[in-house]
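Subject: Structure handover, with notes on its pockets

Dear colleague,

I am passing on the structure below, and I would be grateful if you could look it over alongside the notes that come after it.

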Amino acid sequence: MRHYLLLLFIGFALCFTSCREDFEFEQSTGSLEFSRDTVYLDTVFTNIGSSTYTLKVYNRSNKDIKIPSIKLGEGEQSKYRLMVDGQPGKVFSDVELMAKDSMFIFIETTIDYTEYANNETTFLYNDKILFDSGTKEQKVELVTLVQDAVFIKPDRPLPDAMKEKLTINGQDTELFGHELSTPEELHWTNEKPYVIYGYALVPNNKTLTVDAGARVHFHGSSGLIVDKTGSININGTLSSTEELENEVIFEGDRLEPEFSDIPGQWNNIWLFSGEENNTIEHLTLKNAVIGIYMVSIDNDETLPKLTINNSQIYNCVNFGVLTVHSVLSGDNLVINNCGQASLALTQGGTYNFKQCTFANYFGSFNQVPVLINDYYETDDTLFVSDVTANFDNCILYGSSNIGMSLENKAGNQIAFKCKFNYCLIKLVDYSNQFKNNPLYPSTGNISDLVLYHKCKIARSSTEDRPDFLDPQNNKLNLGDAQGGANGAADVTIAALVPNDITGTPRNTTATPDIGAYESTTFTED
């Protein structure tokens, strides 16, 4: 019986296919519809390929149609590339589209700035996709903003696609990149954006100077290294517009809006330098793996040193700032949205922060705003060092229950000195895990008067909550509502940092606010 059913099925299939004729396609009548009338490919750097963009083409009619031609307006000379019905090219003929169906067209471009620009740093490149011709012709515009840029990348290509490996403090490494050596390479201006491939290395006895308004874009797995006796001066200044025209901005090289807040697009600033003159002013750094990583070479006696003021670090996979036995000070520093900790101070060191906002609203489990410990552990060695960390008028608050993680692994063998003065700290300890830990504030503990002088301890999600505007989206301005940070700062400390990160004067005559922002009236966009 099974054999008869199989024969019947085969016969039915043969009958069906023999009776079916090829689809008959009619010529397009010029009534196609499109998902958009203009495709904006956002901004691309010269000679760097864009992302792939899509255009959807609809046949709303009840008839199968054949589009006589789909082509770029500039034909084979166009700088755009298309993929139509799975085929790459720039000119296509007799493209079939079924009734009530649609198809995708994929669009990319790579443009050489020098072929088109006329002494300008940016220009618009335009073309169009033409569907059919004559009276039936329809079109979709293509627009791309092209930027000239300064490219810093590994050179001296070697066999097997290997590229320049860096030498750091006289030691060969496995890192690819380019050693900055010429005056032009060691002075980044605001005339053109910089695009970094691999690591840019500031070598020993050299200084990298970055001017106000500079824009630096890092390709995937790229970063900046400052060698042991090299130094860095980032000289951003206060901006007056939302474009942050005078701010220095470090971010990835994906310029599409959907990548504006995606973590992990580049690696880090890697600071080995123990020079006293390492300074950062008005830097916005975002979307890295680790924003700033300070660590000595081979754990030697040269401690990395940095002063960073009026700066913002956002959206890092692991840490906004990670130090290993370093010296760091910061005023009006804001860090938020980092996978493990916004600020991580490990294996001791010396740290001083005034009027800073350390928040963390990253969507991971048990991330913290601030982490402090006295050790650094390798596969076979445990390094421990003294800790001295002072926080004055700072906010330590986030979406997790605790605003700080403190760990004194060496016990009384070393000094562990953390002092919080007029700070707002979140410590929601429903399980009492910190109740008997002398490093944490506890009700009735006399040492709290010294270690947590005049601090506000937010012991629930509503108690003394700071009135952040929109912390998930890195808007950590304080509103005028009476949140936990409003009017609660030490006037003496506030007078040392008289303006907040936006340049707003602090209320140093009466009740200044805790954190990097002084409260004022804000309206959401």
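The model is predicted, and local features are reported at pLDDT of at least 70 and side-chain atom pairs at pLDDT 80 or more, whereas totals for chains, interfaces and linings use all residues. Residues are numbered from 1 along each chain as its sequence is written, and side-chain values use heavy atoms, with hydrogens and water left out.

The protein has three helices and 42 strands, these being DSSP runs numbered from the N terminus (helices H or I of at least four residues, strands E of at least two). Its C-alpha atoms fill a box of roughly 95 × 65 × 55 Å along the principal axes. Of the 525 residues, 49% are buried, where buried means under 20% relative accessible area, exposed over 50% and partly exposed in between (1.4 Å probe, protein chains only). Among contacts (heavy atoms within 4.5 Å) with a separation of 6 or more, 66% join residues 24 or more positions apart.

The largest pocket has a volume of about 1400 Å³. A pocket here is an open set of points on a 1 Å grid over the protein atoms alone, where a 1.4 Å probe fits, with protein on both sides within 12 Å along at least five of seven lines, and lining residues have an atom within 4 Å of a point; points are joined across faces, edges and corners, and the volume is the space filled by probe spheres set on them. Its lining comprises 43 residues, with Thr241, Glu242, Glu243, Leu244 and Gln312 nearest the centre, and it divides into 11 nonpolar, 18 polar and 14 charged. In this division Ala, Val, Leu, Ile, Met, Phe, Trp, Tyr, Cys and Pro count as nonpolar, Asp, Glu, Lys and Arg as charged, and the others, Gly among them, as polar.

The second largest pocket has a volume of about 360 Å³, and of the 17 residues that line it, Phe272, Val295, Ser296, Ile297 and Asp298 are closest to the centre. The largest share of that lining, four residues, comes from β14.

Finally, Asn205, in the loop between β17 (199-202) and β18 (207-210), has a positive phi near 70° and is exposed at 67% relative accessible area.
Ser221, in the loop between β19 (215-218) and β20 (223-226), has a positive phi of about 65° and is exposed at 54%.

With best wishes
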